[in-house]
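I opened my notebook for a slow look through this one. Here is what I looked up, in the order I got to it.

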Amino acid sequence: MLGNWSFGNYFKQEACELAWKLLTSPPYSIDPRRLYVTYFSGCSRLGLPPDLETKEIWMSLGVEPTRILGFGAADNFWEMGPTGPCGACTEIHVDHLGSREAADRVNRGHADLTELWNIVFIQYNRNADGSLSSLPHHHVDTGMGFERLVAFLQNKSSNYDTDLFLPLFNSISKVAKAAPFRGKFGVQDEGGVDTAYRILADHSRMVTVAVADNMFPDTNHKLRRVLRKALLVAEDSFKMKNPAKLVKEVCNCVAEILSPTYPEIGINLNKVHLVVDHEWEVLQVVRGGAAATWRSVVQQDSRVAQLSDCMAPGLTAAYRELSSLPAHSPVAGDLAFRLYDTHGLPPDLIEELSQALGLEFDENSFNATLVEAKARTLQSAKPSENAVVSNSCLERLKQTIPPTDDTAKYNYCWSVKDGYVFPKVDSVVQAVVRCGEVVSEARVGERVGLVVDRTCLYHAAGGQAADRGLLEGEGWTMDCDTLLSCGEYLVHFGTLRGTEEVKVASGCPVSVWVDTGRRLAHMRSHTATHCLNAELHRMFVATHQTGSSVTEDHLTFDFATYGQHFNKEHVMELERKVQEVIKSRLPVRRTTVSSNELTLLDNVTLLPGETYPSEGIHLIQIESDHFVSKEACCGTHVLNTADIQDFCVSSVKSQGSGVKSLMAVTGATVQQVRQDGQAVLRDVAAVREDISTAASDNNTKLEELESSLQSMKRQTTELLIPYADRVEALSQLESAAKSLKESARVTLRQTVEKEMKEVLNSIAADTGCQFLVYCLQTTSHLDSIPLQKVTRMCPLHLPVLIFAYAEGQLKARCCVPQARVSHNANAETWMKPVVEVVGGSGGPPRGQDPRLVFNLKPIHIPPSDVDRIVKLALTEANQMAIKLFND
């Protein structure tokens, strides 16, 4: 789309003149007799008359009246959504054949007469109640179809037959060794090969441009669907074993064509490749789960076989909900929203699934429900403090007092003598809030919220926590422990302190001071976060931020990487690089730019999916010959990287496929964190020493060491210590755990052998012994007792049933010699009543005869119940043995 906007600079007359002149003059020189224009013919439902002004403008430009056509709201009234700016539009259509009168073919969906240009006259606002209100200023949104223009100028019947796509088709044919593109449609396109060409080329081009422009599949579900579709077409239609290879080749061709005009595409081509490869890996994993389930659905209902994204999460659950509805039923807004919110289906897929099942997707109802849900979410996301201010009070405030001016939050400086200086702000109380309502006054001892006209406190935004501070008036003070944003107002909450007779009301003078220690901690961590992000982009070709949090104690930074795994070495390099930036003492500059100025800057890091205002964007820049960080950010920052003082990564956790969450500390906290890390390493070394010296001790001692080991693991995981020390400590603890396990295994084997020898010696003199039922007195919480070895120690002629309790589980093994086996007397019949008594299950070892060997599978039993259950099991085993084996 070729387009531009006018925000109050010109309107209908100029917009129509510019469009007509461009199309009919060189270099395009389109014959006016092949052009038709449309205008808004009015709508009684909207209460809008025909746009005769536009019709007259076209006539004044020389357009023949028979070529000026009026259409209703469906064709010539543009809206951005359920609410928001909207207005009538006028279109320019082109006749590809010419030499005929074709007014009756306009807006009829004919391929030989297509819309080329659309000009939207934005002069209304669609309100939440559906009504229209006039905007104070009029704007123009104009756009022309680039591919349609090229197709017309090159005398092609399809956009895909132009030189915009033919190089891409040639690339596909060469790599896939496929038959050349023939330009066929419908039944003439045998096997859908040409359709596959068009999908793969179009989708790959979109992916190339989007990813090069810093969009990623895991932050945009539509991009993910487009890329997956391209991969599946490459696999299914072009028989590629590695479809990512073909998609990347098409991306290369796209970059070759577009890079001369858009150099960032060529610069970021390697990033595009990594994202394509990553998404192919993810797709193969997904196939084993959701796609397999969906295939079974398709086998039962062929109507849904052609859905564009069969691997969307929640698709099967959504199908089950919709398929239960009667045919032609409407999919109401609340149901569609549930599919969107609970099952994760995008609206276009909900509509596609609904149509496949013969249902009617009510898009307007869905959009209205979505708007309501977002409003509820925004309201519930705000910290309570008794709902801050009610909606009615907020409306009254808007009518009586101006928004809170918080620009002073950026007003601070640094000096050699005093360090950072945060000046106080002299202000005036504008409103007193209690329990969500504006009240006339507040007394000492009450917890209230104060709205002031100016403040130097920063409210929570951009991942940075809110400031705390002090409000001081005549005879009273208030420690502001909570600062909440309510519309355009900031409400300072705290408890009033002072003399009893003091009252605080609107108009009272007040001075606002920021908690400098907390603010400075936020500034250090926030600037360190920017340094961290910049170094990540230097280390990884394809990476992006998914979230961040800056608090007084630490910072967290969530990010995704593609094609490269983030490992320990990367963590240490990242930490070292940020420390180098701190030592370089680089100035940190804040400037304010517009969105247009922002797009013209190089190497600016923006948050994928974030919407930035058109004006007043804060840009934080840290630059040297070897380091560049430019980020749009509303947070507060130190003035020089040296003021971060120090930087230490504490932990790195996985948040899913390719996504990591990194925690780090800055400032003086780093020294304490390092001291704590060394203390943990000393404690770990002591535990390892205890384990090595206790190898020959009894099980009780080993179990005590196991408890100490687990406690140390928890401590190492939870404490704020350097990441390197944490990894080293956990590695040593893992090694110690293996040593402890081996010591426990050796000790357990020796103890069990000793116990069994004593048992066997005691029955050796009893020539009348017909069977052995025994529960080992040796127990272990560290290792399982090998009952197979225990039963092998027993006499071969003797039926045995041995119980053992270890690792919190009771198990048993029953063995009957072949010579003692009969139809009634065997291991299975012996063990079955025991299994029933303990409430477990049993079976023979794999591949063995259940008459000879039968096991009670391990069953978890609380220590408090062990004696009782074992006594029942021994009694049942002995009674059954007497019946089966006593001659």
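I count a residue as buried when its relative accessible area is under 20%. The model is predicted, which I keep in mind throughout.

**Entry 1, helix H5.** I began with H5, residues 166–176, and asked which of its residues are buried. I noted Leu168, Phe169, Ser171, Ile172, Ser173 and Ala176. Their packing partners are helix H6 (193–212) and helix H8 (243–258). Just past the end of H5, I found Lys177 with a positive phi of about 55°.

Next I went to the largest nonpolar core, which has 58 residues. The members that touch the most others are Leu450, Leu471, Trp476 and Phe647. Helix H16 (residues 516–539) supplies the largest share, eight residues. A separate second core holds 48 residues, among them Leu200, Val276, Leu283 and Tyr562. I then took a closer look at Leu471: leaving out residues up to four places away in sequence, its contacts include Leu450, Val452, Trp476, His492 and Val512.

In the E23 and E28 pair, residues 555–561 and 659–666, I noted six bridges. Ala560 sits opposite Val659 of E28.

I finished with H23, residues 827–838, a helix of twelve residues. From first C-alpha to last it reaches 17 Å, close to the expected 16 Å. At its start, a side-chain oxygen of Asn826 comes to within 3.0 Å of the backbone nitrogen of Glu828. The buried residues of H23 are Ala827, Trp830, Met831, Pro833, Val834, Val835 and Val838. What covers them? I listed strands E29 (772–775), E30 (800–806), E31 (809–815), E32 (842–843) and E33 (853–860), along with helix H24 (863–885), as part of the cover. After H23 comes Gly839, with a positive phi near 75°.

Conventions:
Residues numbered from 1 in each chain as written. Predicted model: local features only at pLDDT ≥ 70, side-chain atom pairs only at ≥ 80, totals over all residues. Heavy atoms only, no water. Helix = DSSP H or I, 4+ residues; strand = E, 2+ residues; numbered from the N terminus. Expected span 1.5 Å × (residues − 1). Buried < 20%, exposed > 50% of the residue type's maximum accessible area, 1.4 Å probe, protein only. Contact = heavy atoms within 4.5 Å. Polar contact = N/O pair within 3.5 Å; in protein donor to acceptor, adjacent residues only side chain to side chain. Core = buried A, V, L, I, M, F, W, Y, C linked by side-chain atoms within 4.5 Å. Pairing = 2+ DSSP bridges.
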